[in-house]
Amino acid sequence: MTTLQPEPVFVPSQSAPAPAVRTWLRRIHSGGQIVETCPDWCTDTHRNDGSGYLDDLQHGAQFDGLELAVFDAEHGTAPMPVLAGRISVDPYSSDSRRRTPHIHLEPFQDEVMERLTPDEFAAVIAGVRSHCDRMDEVHAELVKTRVEYR
Ligand SMILES: [Zn+2]
C-alpha cells in the first residue's frame with residue numbers, strides 16, 4: 001500500500017527571508033494543480049500565486065532604479081525612479097521570449113521596455129553609459145561657462 005505524502009506548501013511571508021528552494025502547490029483555474037518551484041534567483045513573494053491560470057505565473061527579481069529629484073508643484077521636488085526593472089521569466093507563456101529569462105526595464109515610471117534579451121539590455125546600458133559621457137562633457141562646459149559668465 002502506498003501512503004500519499006502531502007505536497008509541500010509554500011506559505012509566502014513578507015517578513016521571512018526567502019528560503020533557498022521554494023516550492024508550492026498551485027491550483028489552475030482551467031483545472032488541475034501543479035507543483036511550482038522558483039528558480040534560485042527569484043525573489044517574488046508569490047503570495048497571490050496559490051491559484052490562477054497556468055500562464056499567469058511569473059518569476060522575477062527586482063532591481064531598484066536611480067532616483068532623480070524632479071520638479072513637483074506641491075512639494076518642490078519628488079523622487080522619480082529611472083532605469084528600474086526586473087529579471088523575469090514566464091514559464092508557461094505562449095511567447096518564447098517570455099519563457100526565457102529576460103529584462104523588464106522601466107526607463108522611467110510607468111513606461112516599459114519588455115522582454116529584453118541580454119544583447120538588447122547591453123545595448124541599453126551602452127546607450128545610457130554613452131549619454132553619461134556626453135553629460136560629463138556638458139558638465140565641463142557648464143563649469144567653464146560659469147567661470148566666464150559676467
Ligand atoms: Zn518564483
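**View 1. Strand 1 and strand 3 run side by side in parallel.** Here strand 1 (residues 23–28) is joined to strand 3 by 2 bridges, and the two strands run parallel. One spot to look for is Ile 28, whose bridge partner in strand 3 is Gly 52. Keep in mind that this is a predicted model. As a bit of background, strands of a sheet pair through backbone hydrogen bonds, either parallel or antiparallel.

**View 2. The whole protein chain, for orientation.** Let's step back for a moment. The protein chain has 2 helices and 8 strands, and from the N terminus on they come as β-β-β-β-β-β-α-β-β-α. How much of the chain counts as buried? Of its 150 residues, 7% do. Take the contacts between residues at least 6 apart in sequence: 31% of these join residues at least 24 apart. As for confidence, the mean pLDDT is 90, and 87% of the residues reach 70 or more. Over residues 1–8, though, the pLDDT is below 50, and this stretch has 3 contacts in the model beyond near neighbours in sequence.

**View 3. Leu 57 and the residues it touches.** Leu 57 sits in the loop between strand 3 and strand 4 (59–63). Which residues does Leu 57 touch, leaving out those up to four places away in sequence? They are Glu 36, Asp 49, Gly 52, Asp 90, Pro 91 and Tyr 92. Glu 36 is 21 residues away from Leu 57 along the chain, and their C-alpha atoms are separated by 9.3 Å. Leu 57 has 19 C-beta neighbours inside 10 Å, so it counts as partly exposed; being buried would take 20 or more.

**View 4. Leu 83, a strand residue with a positive phi.** Now have a look at strand 6 (residues 76–89), which is where Leu 83 lies. Most residues other than glycine have a negative phi. Leu 83 is not a glycine, yet its phi is positive, at about 60 degrees. Is Leu 83 buried or partly exposed? It counts as partly exposed, because it has 16 C-beta neighbours inside 10 Å.

**View 5. The hairpin of strand 7 and strand 8.** Strand 7 (residues 102–108) and strand 8 (residues 113–116) pair in the antiparallel sense, over 2 bridges. Leu 105 has Met 113 in strand 8 as its bridge partner. Between the two strands of this hairpin there are 4 residues. Asp 110 is found in that loop, and its phi is positive, near 70 degrees, in a residue other than glycine. What about its surroundings? Asp 110 has 5 other C-beta atoms within 10 Å, so it is exposed.

View 6. Helix 2 (residues 118–148) has 31 residues, which at 1.5 Å a residue should span 45 Å.

Definitions and conventions:
Residues numbered from 1 in each chain as written. Predicted model: local features only at pLDDT ≥ 70, side-chain atom pairs only at ≥ 80, totals over all residues. Buried ≥ 20, exposed ≤ 12 C-beta atoms within 10 Å, placed from the backbone. Contact = placed C-beta atoms within 7 Å. Pairing = 2+ DSSP bridges. Expected span 1.5 Å × (residues − 1). pLDDT = per-residue confidence, 0-100.
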